[in-house]
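User: Could you take me through this model with a few questions on its packing and its chain contact?

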Amino acid sequence: MLAKRIIPCLDVTAGRVVKGTNFVDLRDAGDPVEIARRYDAQGADEVTFLDITASSDQRDIILHIVEACAEQVFIPLTVGGGVRAIADVRRLLNAGADKVSMNTAAVQNPDLVAESSAKVGNQCIVVAIDAKQSAPGRWEVFTHGGRNCTGMCAIEWARKVQQLGAGEILLTSMDRDGTKAGFDLALTRAVADAVDIPVIASGGVGNLDHLADGVSEGHADAVLAASIFHFGEYTVRQAKERMRERGIEVRL
Amino acid sequence: MAAGAIAVVDYGMGNLRSVAKALEHVANGKPVVVTADPAVVAAAERVVVPGQGAMPDCMRELNERGLRQAVIDAAASKPFLGICIGQQMLFEHSEEGNVSGLGILRGQVKRFPADKMHLPDGQKLKVPHMGWNEVKQAGPHPLWNGIADGARFYFVHSYYVAPEDVACVAGTTEYGIPFTSACARDNIFAVQCHPEKSAQAGLQLLSNFIDWKP
């Protein structure tokens with residue numbers, strides 16, 4: 001049976017992991033490749049790099065990181081952040097990324113999703129949706145790192161990106177992100193049930209049961225977390241053991 | 001070209017870098033070359049054909065780049081590993097774009113049937129089939145050496161192969177339906193999963209391929 005996936009996420013700027021980690025024996029807590037290797041060794045099912053580099057002249061640095069990662073880490077790698085054109089998608093895939101995630105650009109130019117999916121295959125194209133609750137049972141899509149409200153319904157947008165050719169959705173609850181209060185399970189479930197492509201739940205994980213809840217209550221196909229793994233609170237393996245105890249199929 | 005080279009056939013489709021790097025990782029210094037040159041494919045000791053994206057695009061690119069015959073010759077003569085679309089194209093025909101394959105193995109490439117994409121409890125199964133799933137080995141094969149029966153590999157695909165000849169089924173996987181996830185015949189081994197992205201089990205399979213003497 002297909003396993004539910006656990007995906008650690010690293011925020012990278014100008015080639016360095018932003019927050020660092022508390023792994024005890026890392027040579028360099030800011031090196032994304034070293035951290036990705038660590039997660040691979042712990043049994044992570046994939047790794048995601050979110051490139052939050054602000055200045056455009058430093059943006060190509062991520063390509064070197066991806067190249068180095070592809071030489072040493074033999075699990076799937078998703079890279080997002082700053083993807084605006086099909087040329088960006090191609091550069092990242094050629095460097096060794098397996099999937100490319102797009103967010104603002106997909107909203108501004110839905111054709112980018114369709115065009116890149118047609119060119120490189122929908123399995124490579126992830127659309128990231130940042131959603132915030134606006135009323136009971138309604139969530140709206142935000143862009144530009146959560147600064148701009150589009151007014152679009154997140155569930156409708158999820159259906160739309162599937163139709164355009166996205167192969168997967170990375171769904172982040174802005175209400176929960178950084179709170180450690182757990183995923184927005186109602187949002188996750190509403191989106192996961194609305195589409196036929198896999199949905200990754202993100203935003204709000206504070207403990208291992210939150211990860212399991214994302215799958216069992218939220219119907220997510222994969223769960224993404226950053227801080228609970230970075231700061232050594234839990235290992236990926238512990239997370240999988242808890243999910244297995246909760247009756248969820250995992251790769252252990 | 002150096003003796004013992006492993007050629008990764010580059011016909012412009014997909015992430016060849018990952019495949020080449022994973023092979024290099026286990027090649028014990030044997031040269032791994034990513035090549036679009038039929039002569040290099042012909043001279044290689046063993047050949048890997050990866051593939052991503054859509055089967056019609058893969059077939060078109062293979063033909064337009066003049067690599068079709070080189071792949072057919074390699075599959076007839078030396079250790080040959082097909083990965084993902086590189087497995088699907090060995091068959092006669094694909095439902096994806098209603099396109100012909102190379103016809104080296106008899107059978108069809110089919111899409112996961114929408115009416116079977118759920119678990120017994122009703123839970124919906126998503127397509128593409130994306131993630132780590134178990135490969136049940138049909139029997140011993142040198143490429144399964146050191147890999148547990150039922151080990152998990154990373155998959156991402158919406159179509160699967162349905163061989164006519166059950167003797168070429170080397171592994172099966174369950175996703176709504178049981179499907180053939182690995183094929184073997186003589187010097188050919190082919191998998192639907194991505195060994196280059198399947199952590200230890202995948203590296204072991206690639207290492208076994210490099211040592212394989214069919």
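Analyst: A nonpolar core is a set of buried Ala, Val, Leu, Ile, Met, Phe, Trp, Tyr and Cys residues joined through C-beta atoms within 7 Å. What follows concerns a predicted model, which scores ipTM 0.93 and pTM 0.95.

User: How many residues does the largest nonpolar core have?

Analyst: Among the residues with the most contacts inside this core are V100(A), I169(A) and V223(A). V223(A), leaving aside residues up to four places away in sequence, touches a set including I6(A), I7(A), I200(A) and L211(A). The largest nonpolar core has 157 residues.

User: Are α2(A) and α3(A) roughly parallel or roughly antiparallel?

Analyst: The axes of α2(A) and α3(A) come within 8 Å and cross at roughly 30°. Angles under 35 degrees count as roughly parallel, so α2(A) is, relative to α3(A), roughly parallel.

User: Which residues of α3(A) meet α2(A)?

Analyst: On the side of α2(A), the residues that take part are L63(A), V66(A) and E67(A). By class, this contact of the two helices has four nonpolar, no polar and two charged residues. The residues that α3(A) brings to α2(A) are R91(A), L92(A) and A95(A).

User: Which elements give two or more residues to the side of chain A that touches chain B?

Analyst: The contact takes 26 residues from chain A and 27 residues from chain B. Those on the side of chain A divide into 11 nonpolar, six polar and nine charged. The elements that give two or more residues to that side are, in chain A, α2 (61-72) and α3 (86-95).

Notes. Residues numbered from 1 in each chain as written. Chains lettered and ligands numbered in written order. Predicted model: local features only at pLDDT ≥ 70, side-chain atom pairs only at ≥ 80, totals over all residues. Contact = placed C-beta atoms within 7 Å. Helix = DSSP H or I, 4+ residues; strand = E, 2+ residues; numbered from the N terminus. Nonpolar A, V, L, I, M, F, W, Y, C, P; charged D, E, K, R; others polar. Buried ≥ 20, exposed ≤ 12 C-beta atoms within 10 Å, placed from the backbone. Axes fitted to C-alpha atoms, helices over the stretch in contact; angles between N-to-C directions. Parallel < 35°, antiparallel > 145°, perpendicular 65-115°, else oblique.
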